[in-house]
Amino acid sequence: MMLASVMFVNKNGNEGVVFSYSVNSRYEAGTHLPIKLKGLQANQNYKIEEINVYPDKKPVVETAVYSGDFLMQVGINPNVTPSNSSVVLKITKA
């Protein structure tokens, strides 16, 4: 699967949003690798939550808290699949 992602972070670095979406679902595969985020503070913790979830569905990315260093060095898998072709994650300093 080919994935496109874009991230916006406010000037204070305490809130952001990541848009991830499928641009090609070849072989019906989902994303397997994490995307590395940028513009965060390495020594701060951030809550990640999916915000484009239909009312009767569960999020594909579980709400969790990670360090800025982890999110920028390792990243997070948005779990985009052919049946869930876009994921929007809200980032909030914890």
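How many nonpolar, polar and charged residues does the lining of the largest pocket have? I opened the predicted model with that in mind.

**Entry 1: pocket.** I looked up the volume first. The largest pocket holds about 210 Å³ of space. I then sorted its lining by class: 4 nonpolar, 5 polar and 3 charged residues. I wrote down the residues from the Glu50 end: Glu50, Asn52, Val53, Tyr54, Lys57, Lys58, Pro59 and Val60 are among the lining. Ser83, Asn84, Ser85 and Ser86 line the pocket too.

**Entry 2: surface patch.** Next I checked for nonpolar surface. I found a nonpolar patch of about 550 Å². Met2, Val6, Phe8, Phe19, Tyr21 and Val23 make it. Which strands each supply at least two residues of this patch? I noted strand E1 (2-9) and strand E2 (15-24).

**Entry 3: valine 23.** I picked one patch member, Val23. Valine 23 sits in strand E2. Its relative accessibility is 49%. Exposed requires over 50%, so valine 23 counts as partly exposed.

**Entry 4: leucine 40.** I moved on to the loop between E2 and strand E3 (45-50), where leucine 40 lies. Is leucine 40 buried or exposed? I read a relative accessible area of 10% for leucine 40. The cut-off for buried is under 20%, so leucine 40 is buried.

**Entry 5: a contact along the chain.** I also looked up leucine 40 against glycine 13. The two residues are 27 apart along the chain. Their C-alpha atoms are separated by 5.9 Å.

Technical notes: Residues are numbered from 1 along each chain as its sequence is written. This is a predicted model: local features need pLDDT of at least 70, side-chain atom pairs count only at pLDDT 80 or more; totals for chains, interfaces and linings use all residues. Side-chain values use heavy atoms; hydrogens and water are left out. Patches are made of residues with over 30% relative accessible area and no salt bridge: like charges are joined within 9 Å, nonpolar side chains (Val, Leu, Ile, Met, Phe, Trp, Tyr) within 5 Å. Accessible areas come from the Shrake-Rupley method with a 1.4 Å probe; for residues, only the protein chains shown count as cover. A salt bridge is a side-chain nitrogen of Lys or Arg within 4 Å of a carboxyl oxygen of Asp or Glu. Helices (H or I, at least four residues) and strands (E, at least two) are DSSP runs, numbered from the N terminus. Buried means under 20% relative accessible area, exposed over 50%, partly exposed in between (1.4 Å probe, protein chains only). On a 1 Å grid over the protein atoms alone, a cavity is a set of points where a 1.4 Å probe fits but cannot get out, and a pocket is an open set with protein on both sides within 12 Å along at least five of seven lines; lining residues have an atom within 4 Å of a point. Grid points are joined across faces, edges and corners, and a volume is the space filled by probe spheres set on the points. Ala, Val, Leu, Ile, Met, Phe, Trp, Tyr, Cys and Pro count as nonpolar, Asp, Glu, Lys and Arg as charged, and the others, Gly among them, as polar.
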